[in-house]
Every structure is written in structure tokens, then in C-alpha cells.
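Visitor: I would like to learn how to read a structure like this one. Could you walk me through a few features?
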Amino acid sequence: MTLMQIAFLIVSAVTILAAWGVVVGRNILRNALALIVAFLGVAALYVLLEATFLAAVQVLIYVGAIAVLIIFAIMLTERFMKQERATNEQWWVVLVASALLAAILIFLVGAVEWQVTSAEIGGQPIADLGRALLTTYVLPFEVASLLLLMALVGAIIIAREQEEA
Amino acid sequence: MLQYSWLIPVFPLLSFTLIVFFTNRHKTLSARLAVGAIFLSFLLAMAVFFTALGIEGLAEEPYRSAFSWFPTGKTSLEIGFMVDPLTAAMLAMVTTVCLMIFIYSQGYMHGDRLYSRFFAYISLFTTGMLGLVLADNLMLAFISWEIMGLCSYLLIGFWFERPAAANAAKKAFITTKVGDVLLLLGMLLLYFQTGSLTFETIFEGVNHLHPNIVLAAGLLIFAGAVGKSAQFPLHVWLPDAMEGPTPVSALIHAATMVAAGVYLVARTFPIFTAVQGHPALVPVAIIGAFTAFFASTIALAQNDIKRVLAYSTISQLGYMMTALGVGGLVAGVFHLITHAFFKALLFLGSGSVIHGVGTNDMMEMGGLRKSMPLTFWTFLAGMLALSGIPPFAGFWSKDEILSHAFDHNQVIWLVGTAAAFLTAFYMARQVFLVFFGRPRNTEIHAHESPPLMTGPLVVLALGATLLGLLGVPADMPLLGPLLGNNPFHHFIGEAFEATPFNPQVMGISISVALAGLALGWLLYGRSPLVAGQTDPLERLGPLWVTLKNKYWIDEIYNATVVRGTIFLADLLFAFDAGVIDGLVNLAGKATVAFSTLNERFDTYVVDGLVNLAGKATVAFSTLNERFDTYVVDGTVNGIGKVADILGGELRLIQTGRVQNYLLLLLLSVLMLVGVFMYQ
Amino acid sequence: MLEDLVLLSPEITLTIFALLVLGLDLAFKRLKDALAYVAIGGVILAIVVTALLFGTQGSLFSGMLVVDSFAFYFKIIACLATGLVILSSIAFMKERTPYRGEFYGLLLLATLAITLLAGASDLVMIYLSFEFVSLTCYVLVGYLRGDPKSSEGGIKYFLYGAVTSAVMLYGISLLYGITGSTNLVEIRDALLFPASPAASTPWLILPALIFMLAGFGFKISLVPFHQWTPDAYEGAPTPIAAFLSVGPKAAGFAVLIRVFLTALPAYQIDWVPILSGISLVSMTFGNLVAIQQTNIKRMLAYSSIAQVGYILLGVVAAGPETYGITGVLLFILAYLFTNLGAFVAVVAFSHLTGSDEIADYAGLIRRAPLLAAALVVFFMSLAGIPPTAGFLGKFFVFGAAIQMGQKVFYFLAVVGVLNSIISLYYYFNVVRLMCFLPAKDETSLQIPRSLVLAVTITMAMTLVMGLHPQPFIELATRSVLSIAVLSPL
Amino acid sequence: MIPLSWYLAVAAVLFSLGLYGALARRNAIAILMGIELMLNAVNINLVAFWRYITPQQFIGQVFAIFVITVAAAEAAIGLALIIAIYRHRQTIDIEEIDLMKW
């Protein structure tokens, strides 16, 4: 067991536990805080995978934007911060089905012989990534900006205070 | 001349368009337009017919004209028209009968709120029929076929204020549609196997296909004809279609729609005969003969003047199918044409009666011979033609079918002869009930219809009387040579061997027809029924009840097909809504639901069955009980109740919750993945 | 690069007009309804540009996007759908929301997303444009904030879509992991000619395929991924329900065909049975449940589930020798006019009466003859009765199944045909109500002119396609020829 | 070196947990959080595949960036819809949002 592997196990244990904290429990604010931990755990996994730029993006966007947005929404709908019952009636069916899905997926990814290469990452990762985004992936890049614009307009229209037509 | 024949369906189409868009508000003008258009078609059709008469070998080398419509890669789908003797004869018949019906409608529909619309619909309907007759390919034929289906829907439901009419329209549409889609399948099969929908190419192509495919195609086409021509088991729509105005009945049940099925089989006859031994013709003959007999038995027990004719139509169509089934193409077509005349005559005559007395119930009529003489005499001509009394038209065509069947298969001949006896009997019953004795409902003060209506009756009566002489067997002593050696056969089917004159068969036909008439006279004519008297046939007991209820075919369909579909729909509907929630709540609700279900099961089904069994025994033992009420209605209601209970119970667990939907998705995905892992 | 941009001009046109509409709305508060016509102008321009480019072929931006007739065909469909939807929205939205400029802008962006999806040939691009379509549609469904049904439809649609797209994305990530590429052609080669044959690959490919199918199935509402459909249709502003039933669905079929036929021909033997089963279940289920509906939007939702079942039959019967894909393309075009037309008629009716209940359609023929006549034509087409467009589509799709010449496919065709009988039952129930029953309220309805135009166009096209199908068949045949999918090797 | 399948297994667990949250929680915001977890799980897959299978090309990383972008847009729209519902129904309990059913 190498040091890396131990680090991986710790990080993933934390991430999974945090994720568990996201989906169970009646206090939605606590769920949100657990979500932040889980996001950070995923960022740590990216670091272990040598995707440092992505780890930074993860922290900035997920923790900095999405999680904050979620907490914001929780505050706006404060009456629902705590609920009598956090889950619906079908929760145990879902639990069994999700557990089954997890088991199947783990079995499958374990059973496959992946065409793993031992090659190292070449060049300067971050600069090359930026170049790829603006050359090979320039079209999706532009489309993504339009998508964000659309989301902005749409979210504002839907969430804005009601005004007389 | 023949190159202009495409104009024949165009005239009524034009009048349809003009009426819909411009003259809807001017009733008289609309009617004149429609009649004028069909008159032009009639003139042109006659011209085409006589031109065709003069062309030698038109049967082998039909006139064709086509333009490309669908290019689909390897092949192109041509759409066009053709004229051969069969087409020419059909054109002449259809336009003549339609012209008469159109003229008659002006009087019959007089004062109707939707007068213009009626003429628009019947014009479009006629377009459909003429298009079918002229089509040189299955595509155009199918389109025309569907136009007729749609128009029949609109026309049968024309008096939509009456719920019965609206329901009858829907029933006709859906029942015939069952045949239509099978026909569509046959068409697809032929197209994608032979690469063409043109009759000529198909007939050429089927010789190179696997016999089973050709057989399947033939059977599918026949299935379409079974629906349109109201053959057993898809005959149920036709009697109900009597809810439409009477000219519509004449149009649909004499000259056009029902004839379309027979025509289609005749037109695609080479497909049926392509396979060695003609296996595709066997079901045609069997279903035809069965229908001929079966429908004539039901006609015995009907009291509605139009329904008797409706069942008689089904029966006569059965004869035509029988003729085709035993290979007698010419005989079938001959009967199709004579039948169009005398059946249109009978329908229009019954319309005149209804117009005069204001009811359809023969039990209320009686003695109309005096108050409606013209209607009576023309109706009598139609009745004699239908009964097969020489020298009326129906005699010659029916006799040709029967002699053909006699040579081919004597069982079929026997069935046909029995049906002929019944035909004569029920027609005698009808005539005696309607026109003889004295009115059984004294409220009725009948009067003769206006000349606009009786005129067409006279013309059609002439046809019903004389038309048969065109098809007298050539080898019949004396009469044959005198009447030109069977010119009809000569024209239509030189390639087919003519049925030899068979004095034995002819003698038997005449005897059974006369026997039928005599029996009718004995029961209804000798001492006509008076008001309040029951039908002498009621002495038949359970048989009478069975016939009266048309063998409960409608009820059986309702109990199985209709209920079954609705039940399945209920179930799926409930499944979609609630099965997931149901799974979740299984522990709690299942017990309750199960016990309730159990309880209801006991109450309705078990008790019902016990009662049914008990009551059925009683009913059977006395044989006079009202069998239908207990057994048939009981079964129908029983099934209905079970469906309702199941639907109702499952409905309790319906949701509108998105997470339930997602759970179904998750389970489906898991199931699919599981299936593959298992493999 | 410049050539790439030329080939991309339909998308660029749509982008420019979308931004123009949004910008004009921001700058001039009073323009609102005039913007609808600007948007329609944009759509028409995009159609013209597409038509000019039709026939060209190319692969743009390092294989992100392909340009071929197949994609152009779907671009035209998307633009036509949007144009007609905008036309039918003008009167409807005017009374329901103050944010109309944005509405048309968003519709144009949705169209853009569909056109991108139609040409996307890389999983990255497919995912991105797929989500672009979905997200825009969520917004449009939930657009009427004052209407609780609209918000509810929006949120249900959103939650369902977000979960399914995550499942699909998981499948996509597995496919990438197995093949080491996101380009469809490279994936095909990797699967057909594996570098080192690993016996275990199918173990993961099939689950990945099923996960992806969940996403595509959601988009085109196939059973069992269909349950959002009736709720979203009922809740959405009716013009948007019309849009949903055509635009995103066409895009879903485009991407389904491209992914399954371009990238996964090696596994055709596995996915054909799945899709056959789904097709069968979808048509039967949709038709049977539609019988039960009392709300016309829900009825049309279930009917559209049945219709996609028929269309899927064409995908199943795809092969170099059959008309399967031609049938799909024709069916979708026919379906565009027919279903959109039916919805436009429903828009007109609910705009004037405020009701979507089928029972309220009684006696419509006397209140609004044009509307009733148009609905009869649309229902005939949906039921596949000639001479309408719907018949043409069914003819080719069922015909392709028969061409396959195997028992299973004969069976599928027979079930399809039987289904069309069931569907008559509910389509003609509405016809019966409209034509044969008396109206509760006999006042005649004055339909706004823009809606009259939209109904007339769709009805005319439904009939034209049925009566003169030649050009449409040629168009579809050419579009199929261009795409590499039908000659996999 | 950490085996690839370890990462994939963590992703599978995270994905299933997110799915559970999305399907079993009543609070709409909690459902949204479940969806975010599912997307994160996919991103782990993508980045791991990038590192182990195509480290020379940036496919997986770029894909992950786009997924994050989409997730942000999705969160914005989802929360906007939730707030709109809350405005006139005073609830974000998805169990109670069932005005439209059969």
C-alpha cells in the first residue's frame, strides 16, 4: 500500500461520508454543508489524478458558486429548512435499487480490462489545456457561453418577483 | 375517348369543392351542382362504356395512362388510371345508380338543415368510388378507399343529433378500418416485394414470389374486402349504418362502398389465382357462402324495413364473394351490377315508404299498396329481382353463381341455395307486411312521394327488371341466342370459361325461390297481420330470439374486443400512474386491496357465476326463457364490472409525482442491464 | 476556418438573431410583439441559408460537428417548427406574460441548440447541445410564473430531465473510457477493430448504451422514459407544448440515429432488440392510455408517445437495403406539420375559451369551421389515413419493417398497424364531438389572424405532403444518402 | 499507482448516493443536491479516464469542464424554478407538487 493509495482511501472515504451526509438527515442546511465537503473531496481526488487546474475550477465553481447558490435558495425557502420527514414513501425501494446499481457498477468497472496506458502527462498541462479549449474545443466553448447566457436570462425571468403584466 | 375517363371522378370532386367553398348557403344551387356534376360523369361514363364496347381485346390490353408519383430509389411509384371492360362496366353502373340517388336525394332531403353539406359529402363519396374503379394501382385505390371510409363516417353520422347515428358512424369507421389496415399491410407486402403498386406490374411480379407471400398478400387484400363489403365477421357495422339518411344507405349499400370490396378482389384476381391450386380463393368462397346464409337468417327476424335490406345486402355480397371464391369472376361482377340496381331500388323504395309513413317499423305499416302505388310496384320489381324470380335481373346473376358453385363445390352450392330460399321468404315477408293488409298503426296517413323521388324508382325498376337479360347463358336453348349469346360475359371475361347452362340448377333455384315466396304468402300474405298480432315466426322460440339478437355478435365483440381494449387501457393507465407507488405501499395497501378485491370478486364474479349457472340451466330447460338477458348480458356486465373494479382499485394509488416516474426509469434501466448481464 | 464558418452559417444566423432579439428587447421596451416577426425573419433566413448549403458536406472544428444533408434536414425541421410556434405564440403570449421579447429570444436559442445537436458528432458536443436544448426547454415550460401548472410542469420536467441526463452522461463517460475517444467515428472504429481484443468490453458497452438510451429516450419520450411528457405538456404554455412535441423530439431522433448507427454498428445485434421492444411498448402503451384522457393536451402527449413508437420502428428497420431511415425522416417531417398543427389548433382553442378539456370541443364545427376542419385533417394524418402526410410516413416505416423480411419485423409491422386502429378510437372521438355533437355555447370563435395563418400552413402542408409526396421523398432520400451511417463498413 | 478501478468505484458509489438523494428526498433543493453529486461522480470518471487512458489528449478534462459549466447553468435554472414554485405555493416539497396527475 503506497502513500498515494492511503491518501486516496482517506480522501474517498471522506467524500463518500460527506455524500452520505448530503442525502440523509433532516436539516437541509447541514446537507448543504456536507455537499461542500463532498465537492472539496472530489477536488482532492482531481489533485490525486494530477488535474490541478480542474481541482481549482471545482473549488471555484462548485464550492464558490453552486454551493453558495444552493445555500441562498435554502435561506429563501427557510420554512423548509427542517422537515418532519425528509424522505418520501418510496425511499426504501430507491435505497435497494441504488445499492443494487452501485453493486452492479462496481462489479462492472472491476471486471473490465481497461486499456490503461502508463504514459505521463506531456508538456505544460494548464497551458495546453487552455490551448485545447480555444482550438479543438472552440466550438463547444462558444456554445457553452451561449448556454450560460441563456441560463442567466431564463433564471432571471423565472425567479424575478412577480410584476403586473 | 378513353383518355378522358379520368374526368369522370373529377366532376363530383369539383362539385364537392364548389359546394364547400362557395355555395354552402344556397341549398338549391348546391344540389343542382351536385346533380349536374354527376350527370356529366354519367354522360362521360356512358361514352367511355360504349367506346370500350367497340374495342376488341380491351380485356387483354387495357387502356392505361400514368404519371410518376413516388420515385423511391430503385423503383418509381406510378399513379394513373386504366380502363378495361370491368372498369367500363363499373363506371356505367356506378354513375347511373348514383345519378338516380342524387336526383332522389333532392326530394328526400328536402328541408334538411344541412342540405348543402349532404350533397357535398355524397359528391366526395362518389369521387372516391369512381377513383377506385379507375385506379390502375393499389395506392390510388387505397386512397379512394379511405376517402369512401371517411365519407361514410360523415354520412352515416349525418343526423348526428341522434346518438345512435353518431355511434353507428364510429362503429362503421372503426370496423371497416380493421379491414383497411390489413389491406394496407398487404399493399406494403406487395410493394416491398414486387417494387411496384401498379396492378400490371404486381400481377407480373407475383409469379416470381414465394407462394406463401402471394398467399399472404391475397388474404390481406381479402381481409380489406371483408371489412368494406361487410362479410362475416366484420359485418356488424352495416346494419347499424342504417342510421344514416336512406339515400346514403342506397349509396353505400348498393352502388359504392360495399361493392368496393368485391370489386377490389375482382380487380386483383390474378393475385388470388397466382398460386397453384388457388389456396387464397378457399377462404373467399367459404366466408362468402357462410355470410350469404348467415345474414339471410338474421334478415328473417328484423322488423326495421331498412335492416331487413341491410342484412339482405350482406347476404348478397356473400354471394358475390362466393362467386369469386369459386373462380366465377364474371358471375360475381354480374351479380354486383344487377344487385346495385335492384338494391338501390329497394332502398330508395323503402326510403319512399319511410318518407310516407314516418317510421321504420314494419309492424306499424301495412296496406301501403293502395296509398303508395308507384312505390309498391317498383318495390315489387326489386323484390322479385332479389328473390330470384325469372326474368328479373337477380335471377340470372344469382343463377349463374349457383351453377358455377354447383360445378365447383356442391356444399357451397347447397348453402347458396338454402340462402336463396330464405331470401325469397324474408322478401315476401317484407312486402306482405308493408304493402298488404291494413295499416297496423292508425295514426299513419301515408301518401305517395313526389315525382323527384318516384322517377328514379321507375328508372331503377327498369334496370332491375331487364338488366339480367344481358347475361343469359349463351347455351340456354332459345333464349340464349335470342339475347345475343351472353353479351355480358363476352364483354367482361372472354378469358374466363362461361358457366354452362344447367337446367337442373336453374330449376332448383326457381323452385326454392317460389317456395320461399309461397311460405311468405302462407305466413303473412294469406291473412295479413293485424295490429297487436305477434309475428308468426316467434313460434320458433329460442331460435327466433337468437336471430332477433343477430346471434349476439355485437354483444360478443363488445364483451371481448371493446371491453378487452378498455380494460387493458385502464390497466396500463393505472400502471403508469401508480404502480411504483403501489410497490411502495404494497405492505399497507395490498392487504386491504386484496381483501376488498376478494370480497368484490365473491360478490360479483362468484355469485354471478353461480347465479348464471343456475339461471342458465333454467333458461335452457324451458328454452323459452330470455336466454340473452341472463347469459349474455350477465357475462358482458360481469367482465365489465371486473374491469371497473380493477381499474378503480388501482386508481386509488395514482400520483402525479415526478420521483415516482424517476423510480420507474431507474427500475427499467436496472432491469435492462440485468437482462444483459444475465446473458 | 472561414469555410468552416460558411458551413456554420445557419447556426450563426440563429445566434445573431437570438442576440438581436434579446438586445432589442433590452433597448426598446415597447417592441415586444414586433420582435416575434424579427424572430420569424431570422428563422426564415436560417432556412434559406440551410437550403443554399444543402448538399455540401464537411467536418468542422476538429470533428465536433459534421455538416451533411442529414443534419441539414433536421435543421430545416427545427427552423420550421420554431417559425410556426412563434406564429402561434403571438396572440397567446400577449395576454399571459410581459417577457415576450426574451421568450422569442429563448426560442431562437433552443432552435440553435437543436441545429447543433443535429450535426454534433462528438460526445462532448452532443452532451453540451443536448443540455442546451433541455435547459432552454425547462425555462420555456416554466415560463408563465403566474400559472401554477406552468411552474409545476417546469419543475417536474427539470427534475426528470436533470436526473436522466446525469444517467446518460454516466453512460457517455463509460463509452469514452472504453474507447478512449469521444468522436463518433473513432468510437466506431475502436469498437469494430479493438486494438487488443478484450472479451470483457461488451460487459460495459451494453450498460453504457442503456444509460445513454435513458437520456435519448427522455428527449423523445419513449416508454419507459416518458412519464414527464403529459405533465410537462399540460403545464407548459400551449405553444411550447407544441414545440416540445416536435423540435426537441426531432433532435433526439437525429442524435439517436447518429450515435447508434454511426458509433455503435458493432453492437447493432444487441440494440435492435431493445429498441424494437421499446418501440412496441411505446406505441401500444401510448395509444391505450390516450383513450383514457379527458384533457386534449394530455391526449396529444400520449398520442405523441405512440407516434415516436412508430418512428422508432424505422430506426430498428434501418439498413443499407431498406427505407428505414428514409421512413424516419419522412415521418418526422409529416409529424412536424401534423402534430404542430394539432397543437396550434389547440392553442387557438384554449386561447379563446380558456379550456383544454376534450368535452368542450363539442360542436366546434359550427363555432370555428376552419379549426374543426383542420383538426380533422390532423387527426386523419396522425391516424395514418391517406391522402395525408401521416400516411406517407407510416407507409415507409412499416414498409421498411416488411422489407427486413424476418418474422420479428413482420410482427412489429402488424402490431404497428393494429395500433393505428386503436388510435382511431380516440382521434375520432374528438372528431365525433366536433362534428356530431351540439355545443354548449354556440357563439362563434374569432381566431386571431396569426393563428389562422399557422393553422392554414400546417394543414396545407399536411395535405400537400400526402397528395404530392414526390419532392419530400426525394429530399428525405438525399438526406439519407449523405450520411455515412447506412454503409457502416 | 492507484488502480483505475478504485476511482471508478468511488464514482459509482457517489453516483448511486446522488441518485438515492434525487429519488428519495422530498425537499426540491435536496433533490438538486443529489443531482449535483451525480454529476460530480461522472466528472471523477471522466478525469480518471483522462489520466489513465488518454493522458496525452485533454478529452476527459475538457469534458469535465463543460460538465461543470452545464451543472452551474442547471443549478441556476433549477433553483429559479424552485423559487418560482415557492412564491405562489409556499412549498418546495416535491410530494405536494402534484397538481397535474391522472
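Guide: Gladly. A search over all chains of the whole structure finds 60 aromatic pairs. Rings of Phe, Tyr and Trp (its six-membered ring) pair if their centres lie within 6.5 Å; planes under 30 degrees apart are stacked, over 60 edge-to-face, and the rest tilted. This is a predicted model, where local features need pLDDT of at least 70 and side-chain atom pairs count only at pLDDT 80 or more, while totals for chains, interfaces and linings use all residues. Residues are numbered from 1 along each chain as its sequence is written, chains are lettered from A and ligands numbered from 1 in the order in which they are written, and side-chain values use heavy atoms, leaving out hydrogens and water.

Visitor: How are Phe70(C) and Phe74(C) arranged as an aromatic pair?

Guide: A pair of aromatic rings is described by the distance of the centres and the angle of the planes. Here Phe70(C) and Phe74(C) are edge-to-face, with 5.1 Å centre to centre and 65° between the planes. About one helical turn separates them, because they sit four residues apart in helix 4 (residues 69-94) of chain C; helices are DSSP runs of H or I, at least four residues, numbered from the N terminus. Phe70(C) is buried at 0% relative accessibility, and Phe74(C) is buried too, at 2%. Buried means under 20% relative accessible area (1.4 Å probe, protein chains only).

Visitor: And which parts of the chain does the pair Tyr138(C) and Phe158(C) link?

Guide: That pair is edge-to-face, with centres 5.3 Å apart and planes at 85°. It links distant parts of the chain, 20 residues apart: Tyr138(C) lies in helix 6 (residues 123-141) and Phe158(C) in helix 7 (residues 148-179) of chain C. Both residues are buried. Ring pairs also join them into a cluster whose members include Tyr157(C), Trp228(C) and Phe343(C).

Visitor: What area is buried between chain D and chain A?

Guide: The size of an interface is often given as the accessible area lost when the parts come together. For chain D and chain A the buried area (lost accessible area, 1.4 Å probe, summed over both) is about 7100 Å², with 75% from carbon and sulfur atoms. Tyr20(D), Arg25(D) and Met33(D) supply 10% of what chain D buries against chain A, more than any other three residues.

Visitor: How many salt bridges does the rule find across that interface?

Guide: It finds one. A salt bridge needs a side-chain nitrogen of Lys or Arg within 4 Å of a carboxyl oxygen of Asp or Glu. Glu50(A) and Arg51(D) meet this way, at 2.9 Å from N to O.

Technical notes
Buried area = accessible area lost by both parts, 1.4 Å probe. Helix = DSSP H or I, 4+ residues; strand = E, 2+ residues; numbered from the N terminus. Buried < 20%, exposed > 50% of the residue type's maximum accessible area, 1.4 Å probe, protein only.
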